[in-house]
Amino acid sequence: MTYFRFATIVEEILQEVCLVEFTSCLCFICLVEYYCIQDWKVNDNLSLMTYFMFFVSLCSNIYILCYIGELLMEKSNQIGLICYMINWYDLTPTVARDLILIVAMASHPIKLSAGGMADLSLATFGNILKTTLAYLSFLRNLVEI
């Protein structure tokens with residue numbers, strides 16, 4: 001029970017922090033992609049390498065946030081599954097009723113979100129990478145025109 005309470009408190013506290021970190025990283029990724037294209041046009045390899053390292057740093061920052069959200073969701077699912085798989089017939093009725101409450105709470109896993117706008121998970125990270133690469137392709141076509 002304390003795990004759920006702790007996870008809820010952490011989610012409430014980190015919601016705004018994750019939103020700021022999430023949106024700032026996305027904006028900086030878009031800017032870095034634009035500057036990479038500009039440096040590619042003038043063949044400035046040193047700046048291109050610097051921007052690429054900055055891009056990797058921003059992507060790893062978002063990955064860490066999404067991975068933590070994924071772990072939190074996975075652990076809350078595991079708690080419910082473990083409570084469900086216990087031998088109910090060996091427990092006292094009061095303990096069995098308490099486990100029913102834990103199983104009911106675990107049916108809706110705890111998720112870390114960025115300001116309540118986006119759930120932080122590995123699927124979200126994949127979507128972010130796909131979107132930023134689509135933006136990069138759009139920029140590449142726009143700059144070449």
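**View 1. Tyr34 sits in helix α1 of this predicted model.** Helices here are DSSP runs (H or I, at least four residues), as strands are (E, at least two), and both are numbered from the N terminus. Tyr34 counts as partly exposed because its relative accessible area is 33%; with a 1.4 Å probe and protein chains only, buried means under 20%, exposed over 50%, and partly exposed in between.

A word on ground rules: residues are numbered from 1 along each chain as its sequence is written, and side-chain values use heavy atoms, with hydrogens and water left out. Since this is a predicted model, local features need pLDDT of at least 70 and side-chain atom pairs count only at pLDDT 80 or more, while totals for chains, interfaces and linings use all residues.

**View 2. Asn43 lies in the loop between α1 and α2.** Its phi is near 60 degrees, which is a positive value in a residue other than glycine. Asn43 counts as exposed, because its relative accessible area is 58%. Leu46 belongs to helix α2 and is exposed as well, with 67% relative accessibility. From Leu46 to Cys59 is 13 residues along the chain, and their C-alpha atoms are 20 Å apart.

**View 3. Residues 48-68 are listed by UniProt as "transmembrane region".** That listing comes from an unreviewed entry; its positions are in the numbering used here, feature names are shortened, and annotations may be inferred rather than shown by experiment. In the model, residues 48-68 are 100% helix and 0% strand, with 30 Å between the end C-alpha atoms.

**View 4. The largest nonpolar core has 20 residues.** Such a core is a set of buried Ala, Val, Leu, Ile, Met, Phe, Trp, Tyr and Cys residues joined through side-chain atoms within 4.5 Å. Cys18, Phe22, Ile29, Ile62 and Leu120 have the most contacts inside it. Two or more residues each come from α1 (2-42), α2 and α4 (122-144), and α2 gives the most, with eight. Zoom in on Ile62 and you'll find it touching Phe22, Cys25, Leu26, Ile29, Phe125 and Ile128, not counting residues up to four places away in sequence; contact means heavy atoms within 4.5 Å.

**View 5. Met73 is buried, at 17% relative accessible area.** Met73 has its place in helix α2. Leaving out residues up to four places away in sequence, Met73 touches Pro109, Ile110, Lys111 and Ser121. Tyr89 is 16 residues from Met73 along the chain, with 29 Å separating their C-alpha atoms.

**View 6. Helix α2 (residues 45-85) packs with helix α3 (residues 93-106) at an angle of about 145 degrees.** Their axes are 8 Å apart; axes are lines fitted to C-alpha atoms, for helices over the stretch in contact, and angles run from 0 to 180 degrees between N-to-C directions. On the α2 side, Ser76, Asn77, Ile79, Gly80, Cys83 and Tyr84 meet Leu99, Ile102, Val103 and Ala106 of α3. These contact residues divide into seven nonpolar, three polar and no charged.

How values were computed. Nonpolar A, V, L, I, M, F, W, Y, C, P; charged D, E, K, R; others polar.
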